[in-house]
Amino acid sequence: MAHFLRAHHMGPQALFLLRFLVSFKGKHSAPALFAAIEETRGRYHYAHHLFDDLIIAYTDCGFISDAIQCLRLLVRKGSLDYHAPSRGCGYLFEKMMKFSSSWAVWLFYLEILDCGYPPYVYNFNVLMHRFCREGKINDAQMVFDEITKRGLRPSVVSFNTLINGYCKSGNLEEGFRLKRIMERSGMCTPDVFTYSVLISGLCKECKVDDAHKLFDEMCERDLVPNDFTFTALIDGQCKNGRVYMAMEMYQMMLRKGIKPDLVMYNTLINGLCKVGNLSEARKFVDEMRMRGLKPDKITYTTLIDGCFKEGDLESAMELRKGMIKEGIELDIVAFTALISGLCREGRIVDAERTMREMLSAGMKPDDATYTMVIDGFCKLGDLKMGFKLLREIQRDGCMPNVATYNALMNGLCKKGQMKNANMLLDAMLNLGVAPDDITYNILLEGHCMHGNPEDFHKLRSEKGLVSDYASYASLVGKSIKSSKDQEKR
Ligand SMILES: *[C@@H]1O[C@H](CO)[C@@H](O)[C@H](O)[C@H]1NC(C)=O
């Protein structure tokens with residue numbers, strides 16, 4: 001019936017019938033159905049179409065190995081001499097591209113090429129792209145080599161795909177070697193994409209000068225750099241701390257009529273903040289707004305951090321207000337930047353308020369952050385607040401570390417509350433927080449200045465730290481230094 005339908009140009013109906021047969025017979029039925037078609041072919045002229053249909057039917061039913069078997073049966077029968085099942089092969093190949101592993105597709109592709117399926121550069125390129133994406137650069141190179149072996153010429157896309165693969169895997173030399181082959185062979189010339197990929201690769205390796213040379217070469221060849229080229233260059237310049245060069249690139253990019261995006265602005269703003277040029281960074285924020293781009297969390301956090309580094313507290317708080325107004329939520333990075341900035345400026349009350357906001361937003365400050373706030377209060381002499389925070393933090397399930405306790409200990413000792421200091425030491429030990437050298441130094445100094453000599457001697461003998469005056473003096477010196485270190489922190 002299928003032969004009859006084919007003979008009467010009713011292809012879809014024939015295929016429908018075969019699909020029905022295949023789903024009825026199931027997996028591993030290829031030899032049986034193949035033989036049946038062979039036996040019944042008789043005088044039908046269009047019989048060869050049915051083999052294509054059979055391959056398609058198996059493919060549609062998801063029986064890929066049966067579909068491949070049909071092809072192999074055809075090869076074995078020598079039927080290929082008068083007809084290669086290109087239609088079926090192409091169909092199966094497309095399907096395998098979507099669902100099979102790169103290697104399975106590649107081997108199948110080689111098989112159908114050997115059966116006389118016409119080779120297309122496009123197919124090679126797609127396979128190469130797949131291998132590159134999976135990081136299998138050697139396999140991609142193998143596909144590339146096969147293009148010429150099959151009598152075709154690699155296109156610009158073939159070259160670019162492979163060059164991109166090499167650059168991504170960190171092998172720039174091979175990328176440049178391919179570029180030279182491209183230029184020498186005369187098959188095709190490097191285009192914007194070739195250059196951009198190589199420029200981006202150079203920038204990633206911090207070879208910004210080489211990247212620039214390549215950029216110039218590209219412009220000399222009348223190639224118009226695109227946004228990808230500029231993004232790579234600007235990013236590379238900023239990462240190398242040459243933000244003013246990056247800004248030149250940015251201007252050049254505008255002159256060429258290319259639209260900058262948010263990522264590029266953030267890169268530039270970050271670079272400017274790093275070199276401390278906040279006013280220029282702000283100008284960029286205005287500029288991005290003018291172009292209809294909204295600053296995001298990253299923009300703001302970068303700016304806030306930059307403001308603090310420059311000691312410009314007011315601006316930082318203004319920015320923060322701006323964030324709230326625009327409905328951008330602060331994340332842990334932004335909060336930490338704010339809190340540590342405020343602490344550094346001695347604005348402990350604000351820092352504490354910010355930390356509470358952070359907590360109520362469901363984020364936990366890290367050890368360093370709350371220790372900084374506690375230390376701030378202790379230095380102001382507000383021990384009550386320091387301990388209140390400690391309790392709160394413990395209640396929230398945090399385990400304060402020795403640095404936190406040292407901050408508090410320092411506060412107590414400075415105030416001469418040596419009894420409380422001893423109690424805190426006990427509390428620490430009870431909670432399993434081991435005191436370190438700094439703790440003992442703080443205590444020793446405290447006892448020395450305020451305490452009764454007995455405690456001092458007790459501590460001394462307990463720890464066996466001090467045996468003579470000289471080592472004592474050095475300890476005191478150390479203790480002063482360590483509390484200075486803490487201040488710095
Ligand atoms: C910031 O950058 C602008 C533009 O390049 C420059 O004119 C200005 O002098 C810079 N300011 C500082 C403080 O470096």
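In this report, Ala, Val, Leu, Ile, Met, Phe, Trp, Tyr, Cys and Pro count as nonpolar, Asp, Glu, Lys and Arg as charged, and the others, Gly among them, as polar. The model you see is predicted: local features need pLDDT of at least 70, side-chain atom pairs count only at pLDDT 80 or more, and totals for chains, interfaces and linings use all residues. Residues are numbered from 1 along each chain as its sequence is written, and side-chain values use heavy atoms, with hydrogens and water left out.

**The ligand**

Let us start with the ligand. Around it sit Tyr-244, Met-247, Asn-277 and Glu-280, each with a heavy atom within 4 Å of it. By class, this shell has 2 nonpolar, 1 polar and 1 charged residues.

Which helix gives the largest share of the lining of the second largest pocket? That is H16, with 6 residues. Helix H16 (262–274) and helix H18 (297–309) each supply at least two lining residues; helices here are DSSP runs of H or I with at least four residues. Among the residues of the lining are Val-263, Asn-270, Thr-302 and Lys-309. A pocket is an open set of points on a 1 Å grid over the protein atoms alone, with protein on both sides within 12 Å along at least five of seven lines, and lining residues have an atom within 4 Å of a point. By class, the lining has 3 nonpolar, 5 polar and 3 charged residues.

Definitions and conventions
1 Å grid on protein atoms, 1.4 Å probe; cavity = no way out; pocket = protein on both sides within 12 Å on 5 of 7 lines; lining within 4 Å.
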